Amino acid sequence: MTDLRFAWLEITGKCQLSCTHCYADSGPRGDEGALRTSDWFRVIDQLVSIGARSVQFIGGEPTLHPDLPALVDRALSRGLEVEVFSNLVHIGPRLWDAFSRPGVRLATSYYSDTAAEHEAITGRRGSHARTRANIAEALNRDIPLRAGVIDVSSSDFIGQQRTHAARDDLARQGVTSVGVDRLRGVGRGANASPSPSPDQLCGRCGHGAVAISPSGEVWPCVFARWISLGNILDTDLETILSTVTVASPMTAGPSCWPQGGGSCAPNDDPPRP
C-alpha cells in the first residue's frame with residue numbers, strides 16, 4: 001500500500017450501549033485491548049511518516065478511553081485532521097475542550113426521531129435524549145458534526161424504521177451533513193450469517209485506508225475484520241503495509257460512509273462535514 005491517507009483507530013472495545021447491529025460487537029463488557037496509550041502514540045507517529053492525513057478515533061465508544069484527549073492532541077500535533085466517532089451519550093468538560101480544538105470534528109450515529117425506536121436499537125433507555133442534547137451542544141460550540149442514520153430494518157431487530165424522519169429530525173436540529181447506510185453483516189449485524197462475506201464491503205478495502213484494532217491487528221477496513229494484515233505489536237506499520245497486495249478497486253459495493261468515513265470512493269478524500 002503506497003497511497004495511505006486515512007486510518008481508523010479503534011481505541012477501545014467498551015461502549016455504554018449494546019446496539020443490536022454493532023459491527024465491532026462492542027458493549028459494556030468490552031475492554032481497551034492490548035494497546036497502551038504509548039502504543040497509540042507510536043501508531044500515530046508511524047501513520048504520519050507514511051503519509052496519512054487524517055484519523056478517526058472509534059470504538060466501542062472512544063470517549064470511554066481515559067486518554068482520548070491526549071490521543072487527539074498527539075494527532076493534531078503531528079498535523080493530522082481528527083474525527084471522533086461517538087455515540088454522544090456522555091461528554092464531559094475535558095472532552096468538550098478536546099473536541100473544540102481546531103482540526104477536530106465529530107460524527108455520530110442516529111436511528112430515529114422517536115426515543116422508543118432509537119433506544120430499541122441502542123439497548124439503553126435515555127440514550128436518545130442524551131445524544132440529541134450533545135448534538136445540540138456540539139453545534140452550539142461550532143464543532144463540525146456529521147451524522148449517520150443506520151437503517152437496520154432489513155434485520156429481525158426492528159420493523160420499518162423511521163429513517164426519513166430521523167434525517168428530518170437531524171436537519172431540524174441543525175445537522176447539515178447526514179448520510180444513510182444499510183445494516184452491515186459484520187459483528188452482531190451478521191445475525192444468522194455463518195461467516196463474514198465480502199459483499200458487505202465497498203470493494204476498495206486496502207486502498208488509501210487501514211484500521212487498527214485495540215489488540216493491534218491491522219485490517220484493510222473496519223468492516224473487513226476477518227482480514228488481518230499483521231499486528232503493530234509485532235511489526236511496525238510501514239513494514240506491514242509494504243507487504244500488502246490489494247486487488248484492483250471494485251465499485252459494486254456500497255461506500256462505508258457514513259459509519260466509516262474512510263476513502264471508499266475512487267479518487268475521493270474521506271467525506272467532510
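**Entry 1: Arg141 and Glu137**

I started with Arg141, which forms a salt bridge with Glu137. Their closest N and O atoms are 2.7 Å apart. The model is predicted, so I read every value here as computed. Arg141 is partly exposed, at 34% relative accessible area. Glu137 is also partly exposed, at 28%.

**Entry 2: a network**

One network came up, joining Glu81, Glu83, Arg105 and Arg146. I noted its members and went on to one of its pairs.

**Entry 3: Arg146 and Glu83**

Arg146 pairs with Glu83 in a salt bridge, and 2.7 Å separates the closest N and O atoms. I checked where the two residues sit. Arg146 lies in strand S5, residues 145-151. Glu83 lies in strand S3, residues 81-85. The partners are 63 residues apart, and the pair links distant parts of the chain.

Buried or exposed, I asked of Arg146? Arg146 is buried, with a relative accessible area of 1%. Glu83 is buried as well, at 3%. I call Glu83 buried because its 3% falls under the 20% cut-off.

**Entry 4: Arg132 and Asp169**

I turned to the salt bridge between Arg132 and Asp169. Here the closest N and O atoms are 3.0 Å apart.

Arg132 counts as partly exposed, at 29% relative accessibility. Asp169, in contrast, counts as buried, at 5%.

**Entry 5: the total**

How many salt bridges does a search of the whole structure find? It finds twelve. Among them I have written up Arg141 with Glu137, Arg146 with Glu83, and Arg132 with Asp169.

**Entry 6: cysteines**

Last, I searched the whole structure for disulfides and found zero. I took Cys19 as a case to follow up. Cys19 is in no disulfide. Its nearest cysteine sulfur belongs to Cys15 and is 6.1 Å away. A disulfide needs the two sulfur atoms within 2.5 Å, so the 6.1 Å to Cys15 rules that pair out.

I also looked up burial. Cys19 is buried, with a relative accessible area of 11%. Cys221 is buried too, at 4%.

Notes. Residues numbered from 1 in each chain as written. Predicted model: local features only at pLDDT ≥ 70, side-chain atom pairs only at ≥ 80, totals over all residues. Heavy atoms only, no water. Salt bridge = Lys/Arg side-chain N within 4 Å of Asp/Glu carboxyl O. Helix = DSSP H or I, 4+ residues; strand = E, 2+ residues; numbered from the N terminus. Buried < 20%, exposed > 50% of the residue type's maximum accessible area, 1.4 Å probe, protein only.
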